[in-house]
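The following exercises are to be worked with the sequence and the structure at hand. Each task is followed by a solution in steps.

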Amino acid sequence: MRRRIEAMPKPVLAGLLVFAMSFALYAFSTQPLTGYEPETGAVAEGLVLEGHFWDVEDSPLPMKADIVAEDGHRYSRTGILQPLLMAPFFAAGHAVDETIGHFNEYPNGYTFLWFYNPFIAAIAALALFALVFQARRSLKWATTIAVLFTVASIAWPYSKIGMETTFMAAIMVAFAIAFWARNSPSLLSWGLTGFATGAAVATKAYSLVTVLPIAILLWPAFTALDRRQKLRLGFAVCL
């Protein structure tokens, strides 16, 4: 195991360390779901237990969605991305409840959701590290900026209260991948850029504005391609 770790490239090790330390800090200081996070958690519960994107209204958990649609079901005000990402956390906690039992007052399906925002905020720190490293080609710069982001930005509060944590991480991941796609145009890099940007747009309605800066970032690389490559990569990023 030690040899495998030592064989890893230094940027990979540094990135993993940034993620691990960020998640440890955020997880240690996490708290119960607040704001409109409980309603998104309720939708994640419905997705895991019943396979739909609305609240399980007879659930004993302290999570309720407030928006009543025309079909009579209750939905959260976030897009589909956050419930999808929260679902594995609820599923893991629910599995523990079913096999071992509750660890404290609330079922683990609920308490495991407390670690969703710390995890996503740590992903944002890792994405920023990757973006800065690609731009500066300096581990010192990338690590320093990522550490400052972790402890001296909105990331730490967001890791507790949620709010725009999912959007923050999604757009930072999209920019990190887009920077890679600009420097290394391929079906994979451009396809992943389109997927990541679409995921960011799926967080909130107003997040559609993120498409423009991503397009500006990719435009110089796109204009340098020949006609066939433009068609292929343009198709890939739009998927």
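**Exercise 1: A pair of helices**

In this predicted model, helix α10 passes helix α11 in a left-handed crossing. Determine how α10 and α11 are oriented to each other, and which residues meet.

Solution.

Step 1. Helix α10 covers residues 187-201 and helix α11 covers residues 211-223; their axes come within 11 Å and cross at roughly 165 degrees.

Step 2. Angles over 145 degrees count as roughly antiparallel, and α10 and α11 are therefore roughly antiparallel to each other.

Step 3. From α10, the residues Trp 190, Thr 193, Thr 197 and Val 201 take part in the contact; they meet Val 211, Ile 214, Leu 218, Ala 221 and Phe 222 of α11.

Step 4. Sorted by class, the contact of α10 with α11 holds 7 nonpolar residues, 2 polar residues and no charged residues.

**Exercise 2: A loop serine**

Locate Ser 29 and decide whether Ser 29 is buried or exposed. Then identify the polar contact of its side chain.

Solution.

Step 1. Ser 29 lies in the loop between α2 (10-28) and α3 (37-50).

Step 2. The relative accessible area of Ser 29 is 18%. Buried means under 20%, so Ser 29 is buried.

Step 3. The side chain of Ser 29 makes a polar contact of 3.0 Å with the side chain of Trp 156.

**Exercise 3: The partner of the serine**

Describe the surroundings of Trp 156.

Solution.

Step 1. Trp 156 belongs to helix α8 (residues 155-161) and is partly exposed, with a relative accessible area of 29%.

Step 2. Leaving out residues up to four places away in sequence, Trp 156 touches Leu 25, Tyr 26, Ser 29, Thr 150 and Val 151.

Step 3. Trp 156 and Ala 121 are 35 residues apart along the chain, and their C-alpha atoms are separated by 7.6 Å.

How values were computed:
Residues are numbered from 1 along each chain as its sequence is written. This is a predicted model: local features need pLDDT of at least 70, side-chain atom pairs count only at pLDDT 80 or more; totals for chains, interfaces and linings use all residues. Side-chain values use heavy atoms; hydrogens and water are left out. Axes are lines fitted to C-alpha atoms, for helices over the stretch in contact, and angles run from 0 to 180 degrees between N-to-C directions. Helices (H or I, at least four residues) and strands (E, at least two) are DSSP runs, numbered from the N terminus. Angles under 35 degrees count as roughly parallel, over 145 as roughly antiparallel, 65 to 115 as roughly perpendicular and the rest as oblique. A crossing is left-handed if the near helix is turned anticlockwise from the far one by less than a right angle, and right-handed if clockwise. Contact means heavy atoms within 4.5 Å. Ala, Val, Leu, Ile, Met, Phe, Trp, Tyr, Cys and Pro count as nonpolar, Asp, Glu, Lys and Arg as charged, and the others, Gly among them, as polar. Buried means under 20% relative accessible area, exposed over 50%, partly exposed in between (1.4 Å probe, protein chains only). A polar contact is a pair of N or O atoms within 3.5 Å; within protein, one must be able to donate a hydrogen and the other to accept it, and residues adjacent in sequence count only if both atoms are side-chain atoms.
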